[in-house]
Amino acid sequence: MDELRERPGPPWRQWVERAGRGPAWRSALLVAVFTQVGAGWAAHAQSGRVALDGFARLLLLIGPALLAVRHRYPAAVAYAVSVVTLVYVACGYPYGPVFISLALACFAAVVAGRRRAAWGAVGLLWAGHLLIGHWLYRWLPPAGDGPTPWAQEVGVTAWVLAVLAVSELVRVRREQWARERSERAAAAKRRVDEERLRIARELHDVLAHSISVINVQAGVGLALLDSDPEQARSALSTIKAASKEALGEVRQVLDTLRSPGEAPRTPAPGLDRLPELVEQAAAAGLRVEVTAEGEALPLPPGVDLAAFRILQEALTNVMRHSGARTARILLGWRPRLLELCVDDDGPAAAGASDGSGSGLVGMRERAAALGGAVEAGSRPDGGFRVTATLPLQSAATGEAP
């Protein structure tokens, strides 16, 4: 679960990610106070403008007040603050921090995905300022005011573009980080699902084989309990050994759930336990013949485990779904592949699988995870065959023998 926990980024990234999510009234109150104080300083520095009066103070309050609902109505707030700012400029009041409200309103609109509204609001301000500064100034206060210098217009244009550029940058970065978080969460969930499927396959293979052996031996014991007590005793001994082995393997699988990340206390089974598997099958009444082709090579742990589980499941299917009393295992050692083949001559038992059971699905998943394949189905001459090919170099882990 630690993989799903977000690591805190640098302070500037935390600020960008929180932008537009915190309480809006706090920043609106801060802007209102700063605007009122800053406008007073601007009035002293710009003696040629109209002095601040009650209406000016009201306009300086309306802009920040609208910011309190900018997250809920980003487009409407951007246009409304733009209009308030234009009215303030048209009345001839001093330039100053009045533009801060519009910058924040446009920033909120861009971050919220209302880019057209933000561009429209700043475009309205820029066009209105151009109109006031070069035409309407004749009829607007202050009296005797001349046209706005073009250098000032360039400054206003640069300010507008800077506000929009910063807003767009923040929007793009937030979307990028949101995609990264989503991809990390999806990858973590995929790893959890893969681990869950791996554990499910392990439990299925262990329990299906052991319970099949126990079921066969229990039937033998019941049938011979009165006529051949010694044979019944042997069957019960086999049941005890199979159940003990199953409990040990199930405990090993469950330990990985209780203590994730710790190394297993016992090694995973591999082809070195094939003779033991043959003995268990023989105890259940199934004679298994094992032949090998080629020179045996050391196997990576994942391939070794998969080979053992595939053979185990194939023999389990013979015991459960076939009337055959003999099965043949062929181990084909190739330069880059291990080929497995399990044959039985049948006939199929009533209700036997046609190659689509959960055990066969598990075998195919094991092989596919290593870059191999499993095929299973009835033979033309009767019986059933399972073949598997496993690369000696795991496609999933890159392990090499």
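Predicted model: local features only at pLDDT ≥ 70, side-chain atom pairs only at ≥ 80, totals over all residues.
## A first walk through the model

P142 lies in the loop that runs between helix α6 and helix α7 (150-224). A cis peptide bond links P141 to P142, with omega at about 0 degrees. As background, most peptide bonds are trans.

Let's step back to the whole chain. The protein contains 11 helices and five strands. Of its 401 residues, 41% are buried. When contacts between residues at least 6 apart in sequence are considered, 73% of them join residues at least 24 apart.

**Helices α4 and α6**

How do helix α4 and helix α6 pack, and at what angle? Helix α4 (residues 74-90) and helix α6 (residues 115-134) meet at about 10 degrees, and their axes are 8 Å apart. An angle under 35 degrees counts as roughly parallel, so α4 and α6 are roughly parallel to each other. On the α4 side, the residues that meet α6 are A75, A78, Y79, S82, V83, T85, L86, V89 and A90. Their partners in α6 are R116, A117, G120, A121, L124, L125, G128, H129 and I132. By type, the residues of this contact divide into 12 nonpolar, five polar and one charged.

Apart from neighbours within four places in sequence, L86 is in contact with L124, L125, G128, H129 and I132. L86 and A127 are 41 residues apart in sequence, and their C-alpha atoms are 9.9 Å apart in space.

**Two covered helices**

Helix α5 (residues 98-111) is mostly covered, with 12 of its 14 residues buried. The buried residues of α5 are V98, F99, S101, L102, A103, A105, C106, F107, A108, A109, V110 and V111. Just after α5 comes G113, which takes a positive phi of about 90 degrees. For background, most residues other than glycine have a negative phi.

Helix α10 is mostly covered too, with 16 of its 21 residues buried.

R273 is in the loop between α8 (229-258) and α9 (274-283). Is R273 buried or exposed? R273 is buried, because its relative accessible area of 19% is under the 20% cut-off. Not counting residues up to four places away in sequence, R273 touches E245, E249 and F308.

Now for the cysteines. A disulfide is a covalent bond between the sulfur atoms of two cysteines. How many disulfides does the structure hold? The structure holds zero disulfides. C106, one of the buried residues of α5, has a relative accessible area of 0%. C341 is buried as well, with a relative accessible area of 14%.

| Residue | Relative accessible area |
|---|---|
| C106 | 0% |
| C341 | 14% |
| R273 | 19% |

Technical notes:
Residues numbered from 1 in each chain as written. Heavy atoms only, no water. Buried < 20%, exposed > 50% of the residue type's maximum accessible area, 1.4 Å probe, protein only. Helix = DSSP H or I, 4+ residues; strand = E, 2+ residues; numbered from the N terminus. Axes fitted to C-alpha atoms, helices over the stretch in contact; angles between N-to-C directions. Parallel < 35°, antiparallel > 145°, perpendicular 65-115°, else oblique. Contact = heavy atoms within 4.5 Å. Nonpolar A, V, L, I, M, F, W, Y, C, P; charged D, E, K, R; others polar. Disulfide = S-S within 2.5 Å.
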